[in-house]
Structure formats: structure tokens, C-alpha cells
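Dear colleague,

Please open it first and then read on.

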Amino acid sequence: MLKVEDILEMWKKDATIDAKDLTESSIHTARLHAKYLELLTTSKLLLKRTEMVQKTLLRDKWLYYTGVMEKHEIEERGWEYNPFKGARKPLKSDLGYFYESDEDLQKSEAKIQYIKATIETLESIMTNITWRHQNIRNIIEWERMTTHT
């Protein structure tokens with residue numbers, strides 16, 4: 001998984017428009033679009049896979065917290081046999097507190113939120129690339145105005 005910091009660092013370099021070679025900058029736009037579209041698509045697919053894994057984890061945690069999961073399954077996952085640390089089993093309405101504080105579920109949710117932030121970053125970059133031709137056009141117009149006055 002590509003880090004947001006790495007994407008932003010790449011974009012700092014890729015975002016520059018060479019005002020002295022606008023033709024090359026314009027041609028480069030298509031390559032930038034392809035590059036960041038691939039990153040965006042890959043990130044969206046990663047998000048879907050990660051959400052599916054989280055749904056399976058949620059199911060398993062439900063089995064675990066409701067006492068339905070077999071002891072050998074608990075041991076295979078490396079979870080504690082008694083999730084309530086010796087206290088009595090809580091009411092079903094109180095299980096949400098255990099889900100919210102469950103370390104495995106928190107890690108899974110953090111990963112999903114990070115991927116979503118990556119996608120938002122890439123979508124913003126893609127919007128910028130979409131309008132890049134307008135920036136190049138504005139530079140050309142500015143050059144015309146300043147050299148002919």
C-alpha cells in the first residue's frame with residue numbers, strides 16, 4: 001500500500017508546469033493522468049478488499065463475544081478465551097462497547113480510514129490534472145498579453 005506521504009511527494013514533483021516548454025507539459029498531462037488513475041483505481045480496489053476482510057472480522061468477533069465461537073477457533077486466532085476478563089457476559093445491547101474498544105477492529109477501521117484518505121488525496125490530484133490544460137492555456141494567454149504590451 002502506497003503511503004499518502006509518498007503520493008504527496010510524487011505530486012509535488014509532477015504538479016509543476018514548465019512554462020518554457022508548454023508543449024511538453026501539455027503532453028505530460030496524459031502520462032500524469034494514467035499514473036494517478038492507476039494509483040486511484042488500485043486504492044479503490046484495496047479499500048473494497050479491506051472492507052470485506054473487516055466484515056469477516058466483525059462476524060468472527062460477534063461469534064467470539066456472543067460465546068458461539070469454538071475454543072479451538074479462539075486459540076487459532078490467538079484471542080483470549082474469556083473476552084470479558086472474568087466478568088459476567090454483558091447484555092447484547094452492551095456489546096457495542098466491546099466492538100468499539102476491540103484492538104483488532106480498531107486496527108481494521110484505521111486501515112480503512114487511511115485508504116479512504118489516500119483515495120481522497122488521489123481524487124483531488126485527478127481533479128487538478130483534469131484542469132491542467134486550463135492552467136497551461138492561462139500561462140499561454142498571460143505570455144501573449146505580457147509580450148505584446
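Phe98 counts as partly exposed, at 25% relative accessibility, where buried means under 20% relative accessible area, exposed means over 50% and partly exposed lies in between (1.4 Å probe, protein chains only). The model is a predicted one, in which local features need pLDDT of at least 70 and side-chain atom pairs count only at pLDDT 80 or more, while totals for chains, interfaces and linings use all residues. Residues are numbered from 1 along each chain as its sequence is written, and side-chain values use heavy atoms, with hydrogens and water left out.

The ring of Phe98 is tilted against that of Tyr65, with centres 5.8 Å apart and planes at 45°; rings of Phe, Tyr and Trp (its six-membered ring) pair if their centres lie within 6.5 Å, and planes under 30 degrees apart count as stacked, over 60 as edge-to-face and the rest as tilted. This pair links distant parts of the chain, since Tyr65 lies in helix H2 and Phe98 in helix H4, 33 residues apart; helices (H or I, at least four residues) are DSSP runs, numbered from the N terminus. Tyr65 itself is buried, at 6% relative accessibility.

By the pairing rule the count comes to seven aromatic pairs. One of them, between Tyr64 and Trp79, is also tilted, at 5.0 Å centre to centre and 55° between the planes. Because Tyr64 lies in helix H2 (residues 22-65) and Trp79 in the loop between helix H3 (71-77) and helix H4 (95-101), this pair ties together parts that are 15 residues apart in sequence. Tyr64 is buried, with a relative accessible area of 6%, and Trp79 is buried too, with 15%. Ring pairs join Tyr64, Tyr65, Trp79, Phe84, Phe98 and Tyr99 into a cluster.

Trp79 also has the charged end of Lys61 over its ring, 3.8 Å from the centre, and Arg77 over its face, at 5.6 Å from the ring centre; the rule asks for NZ of Lys or CZ of Arg within 6 Å of the ring centre and within 35 degrees of the ring normal.

Best regards

Definitions and conventions: Helices (H or I, at least four residues) and strands (E, at least two) are DSSP runs, numbered from the N terminus.
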